[in-house]
Amino acid sequence: MEASVILPILKKKLAFLSGGKDRRSGLILTIPLCLEQTNMDELSVTLDYLLSIPSEKCKARGFTVIVDGRKSQWNVVKTVVLMLQNVVPAEVSLVCVVKPDEFWDKKVTHFCFWKEKDRLGFEVILVSANKLTRYIEPCQLTEDFGGSLTYDHMDWLNKRLVFEKFTKESTSLLDELALINNGSDKGNQQEKERSVDLNFLPSVDPETVLQTAWQLAQQSSEERENHQSISPPKNKSTYPQVMKLLDSLREQYTRYQEVCRQRSKRTQLEEIQQKVMQVVNWLEGPGSEQLRAQWGIGDSIRASQALQQKHEEIESQHSEWFAVYVELNQQIAALLNAGDEEDLVELKSLQQQLSDVCYRQASQLEFRQNLLQAALEFHGVAQDLSQQLDGLLGMLCVDVAPADGASIQQTLKLLEEKLKSVDVGLQGLREKGQGLLDQISNQASWAYGKDVTIENKENVDHIQGVMEDMQLRKQRQNMVDVRRLKMLQMVQLFKCEEDAAQAVEWLSELLDALLKTHTRLGDDAQETKVLLEKHRKFVDVAQSTYDYGRQLLQATVVLCQSLRCTSRSSGDTLPRLNRVWKQFTVASEERVHRLEMAIAFHSNAEKILQDCPEEPEAINDEEQFDEVEAVGKSLLDRLTVPVVYPDGTEQYFGSPSDMASTAEHIRDRMKLVSLKRQQLRHPEMMTTES
């Protein structure tokens, strides 16, 4: 009988085992009667349940029954005592009827329990509550009878329910664990597989039952020490039962945990095997087929980009399976670290198989990605080079008209840059193409033996064709050298014209310097000779400038003939050069005549003015005086005459003040000569003056 079945009856507390003992160590059974009519059937059920709790050893020591009739009627007490004869005749050794004070004295004589001892099988005594300690120690009596034993009926009932639930669950669990554990020990593979069926699990959680057993053991141990158990100590203690069940549970649960560990390991291993095969089958099946279908490299940037996008989609699908591979590899590594030797070989085999397939597939994906990237770069370089060649061709097809030297030089620089860019682009195309060809030549058979010779040949032919086409396009543009030579000639033409114009400017500056600064005729013959020598050197410089300009203009004529064009500047520069040169020649000749006359004038004047007694005849020659005077006058007249150019224009040497100063110096010299002449004619004048 279980407490849960008769729980409503037990809650009424019709009878209870307080845990107290009599002097014979027998258990004390208390029947507290109340004012209300006691249901004997329920009391009988309660007694049957309570008497089923102690062990046979406890029962052999007998019970002391306390019938508390202080709140009940005599006939009820009598009925209860007589009922004990039928319920527990052999177990009852003493019945103590607690009577109310002076209530039953007259009625006791009508029924003497002591006379019925032989018929009842136990002794019955009537006793007051305060005299109950004559038979039972106060520490074994509850507080209702003046004792010190603490008893909480609902607490006892709750613990009893827990204990019975634990006993029921633990017994069932022990049977189930024994079935599972014994099944796992059998050698028959079919039974072993059945024993590790995931659906065959204990009906209750072993951990929960063990926790309950531990708590019950703790409580029983504490109550044994405090003489407060859910049943009487020693004889009625649940502690031995709990400990016995706990030991059995631990033993069976330890075996069960090992079985579960083996089951979990086997299940995990089977799951890993299944997942490994899923990964391998997909990579070797659909994954490889996707790669086999992708072999081209495209014939343009757009085509290569489209192939790259398709390859990225393939990589995305592979990434999901590679993630599964990483997870599986970690799980296998964890199992390998566990060190179960029986599974090491199988696990290593699975790990090796999975790694081989995944690495092989990853290598193929990486190779394909690198190949497409190289193809994209190759087509990019080819497209850029094609545009550069088109731009160069367009530049060559436009005729270059000579505008000015700077624009021609800029155009020539642009042409050189385009040529250099084309050469660099063509070299880059060769390098990219060769690198792409090397990658294709190193390509192994696409995963698992597919021959890709035909596909590779198409890719190789395409790459070589692009490189050859670009090379031919560059070679066909042979007019580049002609255009470069023409532009160089144009640059040289404009340079010659610019330098010729510069020569005219230089010659004009020399002419201007001649007229404005070359005005002095010298103070004496020696100085004048020096000036004449400097003038001749000056003329040599002008002659060199003129000759340089003539040579440049002759070169422009030749270049114009070669370029089949007319120079806009050379036709104007040559007349200017000749005109300036003629003007310079006329002015230079005039300057020479004046210097030569000045030399003659100063030489003769100096001879006359020198006091030379040794040659009196020379000094006295009138002709010398006349010649000096004539040359002086001619020189003065020439100073007032302008230089007349071939075109009729006139130009004076220096400023009027410069000419006046020079003329004044000549007049002074002429005065000295005239005075010398008079002195020679009239010596008495010299004496007088002396």
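Phe16 and Tyr151 are both buried in this predicted model, where buried stands for under 20% relative accessible area, exposed for over 50% and partly exposed for values in between (1.4 Å probe, protein chains only). Local features were taken at pLDDT of at least 70 and side-chain atom pairs at pLDDT 80 or more, while totals for chains, interfaces and linings use all residues. Residues are numbered from 1 along each chain as its sequence is written, and side-chain values rest on heavy atoms, without hydrogens and water.

The structure contains six aromatic pairs; rings of Phe, Tyr and Trp (its six-membered ring) count as a pair if their centres lie within 6.5 Å, with planes under 30 degrees apart called stacked, over 60 edge-to-face and the rest tilted. Phe16 and Tyr151 form a stacked pair, at 4.7 Å centre to centre and 10° between the planes. Because Phe16 belongs to strand β1 and Tyr151 to the loop between β5 and α7, this pair ties together parts that are 135 residues apart in sequence. Helices (H or I, at least four residues) and strands (E, at least two) are DSSP runs numbered from the N terminus. Tyr325 and Tyr359 make an edge-to-face pair, since their ring centres are 6.3 Å apart and their planes stand at 75°. Here helix α11 (residues 301-338) supplies Tyr325 and helix α12 (residues 341-397) supplies Tyr359, so parts 34 residues apart in sequence are tied together. Tyr325 is buried, with a relative accessible area of 10%, whereas Tyr359 is exposed at 55% relative accessibility. Elsewhere, Phe538, Tyr546, Trp581 and Phe584 are linked by ring pairs into a cluster.

The loops deserve a look too. Lys13 sits between α1 (7-11) and β1 (16-21) and has a positive phi of about 55° although it is not a glycine. With 26% relative accessibility, Lys13 is partly exposed. Ser25, in the loop between β1 and β2 (27-32), is likewise not a glycine and has a positive phi of about 70°; its relative accessibility of 35% makes Ser25 partly exposed. Ser128 lies in the loop between β5 (123-127) and α7 (153-185) and is buried, with a relative accessible area of 13%. Leaving aside residues up to four places away in sequence, Ser128 touches Val98, Lys99 and Asp101, a contact being heavy atoms within 4.5 Å.

Two cavities of 30 Å³ or more are present in the structure. On a 1 Å grid over the protein atoms alone, a cavity is a set of points where a 1.4 Å probe fits but cannot get out, and lining residues have an atom within 4 Å of a point. The second largest cavity holds about 40 Å³ of space, and its lining consists of His518, Thr519, Leu521, Arg591, Arg594, Leu639, Phe653 and Met659.

Confidence is expressed as pLDDT, the predictor's value for each residue from 0 to 100. The protein chain has a mean pLDDT of 78, and 78% of its residues reach 70 or more. Among its elements, β2 has the highest mean pLDDT (90) and helix α8 (residues 189-195) the lowest (45). Residues 227-236 stay under 50, yet the model gives this stretch 33 contacts beyond four places in sequence. Residues 686-690 also have pLDDT below 50, with one contact in the model beyond near neighbours in sequence. Where pLDDT is low, the predicted coordinates should not be read in detail.

Methods: On a 1 Å grid over the protein atoms alone, a cavity is a set of points where a 1.4 Å probe fits but cannot get out, and a pocket is an open set with protein on both sides within 12 Å along at least five of seven lines; lining residues have an atom within 4 Å of a point. Grid points are joined across faces, edges and corners, and a volume is the space filled by probe spheres set on the points.
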